[in-house]
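Please walk through this fold with the model in view.

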Amino acid sequence: MAALIERVRGQYGLPPAKVFMAGGSNGAQMTQAFAFVRPDLVAAAASFAGGLPQNPRPGACTTGPARPVPILLLHGTADMPMPWGGGCVANLGGACNRGRVLSAEATRDRWLQINGVAGVTPTQATVDLSQADAGPAVRFDYAGATPVQWWRLEGAGHTGASRTVLVAPNAATGIQNRDIEFAEVAWAFFAARGG
């Protein structure tokens, strides 16, 4: 990932302040892990449906990044593959062979601590545009030099939040939040960081 970022930066003449990373599910975990390991290469990150590991490998994923990284986190309260309350990831066959994650709230709390905004009272907003999903999207903004934006998607499962790319509810991934567009909220977060 570092080599790819350096190549793209060189090819397009991008300064480090214009490099952002986003991902969902395994991509969300990759995004957060990269922000831990190479915070110097990421101006901000956005993560959908990705919890931090309960037992990370020794190194940056245990100790935290060398510097804070602005981050946007979204998670559905009914996400089964990446459980809201923490636990086994996509527990296929009951063997917990994909590891265990922290809860969505504990993941948020770790980033609040890293970014120095753990004591900040967040501003809150609710978006409830669709009656075809399980509930609203609730946004919490923890302001500071290195902000955290956290979205709690009420009743939503593992499918990426979208108003345009609609996925029918199913037993494997649950109900999709249709109040917000992940790409749009991620871009708005990045744009506020100079994107």
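Which residue in β3 is the bridge partner of Ala 46? It is Leu 72. Keep in mind that this is a predicted model.

That bridge belongs to a wider pairing. Strand β2 covers residues 44-48, and strand β3 covers residues 71-76. The two run parallel, and four bridges join them.

Now step back to the whole sheet. It is open and has six strands. Their order is β1-β2-β3-β8-β7-β6, with mixed pairing. At the edges sit β1 (20-24) and β6 (123-127), each of which pairs on one side only. From one strand to the next, the twist averages 10°.

A helix packs on this sheet. Helix α2, residues 26-37, touches β1, β2 and β3. The direction of α2 makes about 145° with that of β1.

Rolling a probe the size of a water molecule over the atoms shows where empty space is left. Searching the whole structure turns up one cavity of 30 Å³ or more. The volume of the largest cavity is about 50 Å³. Its lining includes Ser 47 and Phe 48, along with Leu 73, Leu 74 and His 75. Also among the lining residues are Ala 104, Thr 107, Arg 108 and Trp 150. The elements giving two or more residues to this lining are β2, β3 and α4 (104-114). By class, the lining divides into six nonpolar residues, four polar and one charged.

The whole structure holds six aromatic pairs. In one of them, the ring centres of Phe 48 and Phe 182 are 5.7 Å apart. Their planes stand at 50°, between the cut-offs of 30 and 60 degrees, so the pair counts as tilted. Phe 48 lies in strand β2, while Phe 182 lies in helix α5 (residues 182-191). The pair therefore ties together parts that are 134 residues apart in sequence.

Definitions and conventions:
Residues are numbered from 1 along each chain as its sequence is written. This is a predicted model: local features need pLDDT of at least 70, side-chain atom pairs count only at pLDDT 80 or more; totals for chains, interfaces and linings use all residues. Side-chain values use heavy atoms; hydrogens and water are left out. Two strands pair if DSSP finds at least two bridges between them. Axes are lines fitted to C-alpha atoms, for helices over the stretch in contact, and angles run from 0 to 180 degrees between N-to-C directions. Contact means heavy atoms within 4.5 Å. On a 1 Å grid over the protein atoms alone, a cavity is a set of points where a 1.4 Å probe fits but cannot get out, and a pocket is an open set with protein on both sides within 12 Å along at least five of seven lines; lining residues have an atom within 4 Å of a point. Grid points are joined across faces, edges and corners, and a volume is the space filled by probe spheres set on the points. Ala, Val, Leu, Ile, Met, Phe, Trp, Tyr, Cys and Pro count as nonpolar, Asp, Glu, Lys and Arg as charged, and the others, Gly among them, as polar. Rings of Phe, Tyr and Trp (its six-membered ring) pair if their centres lie within 6.5 Å; planes under 30 degrees apart count as stacked, over 60 as edge-to-face and the rest as tilted.
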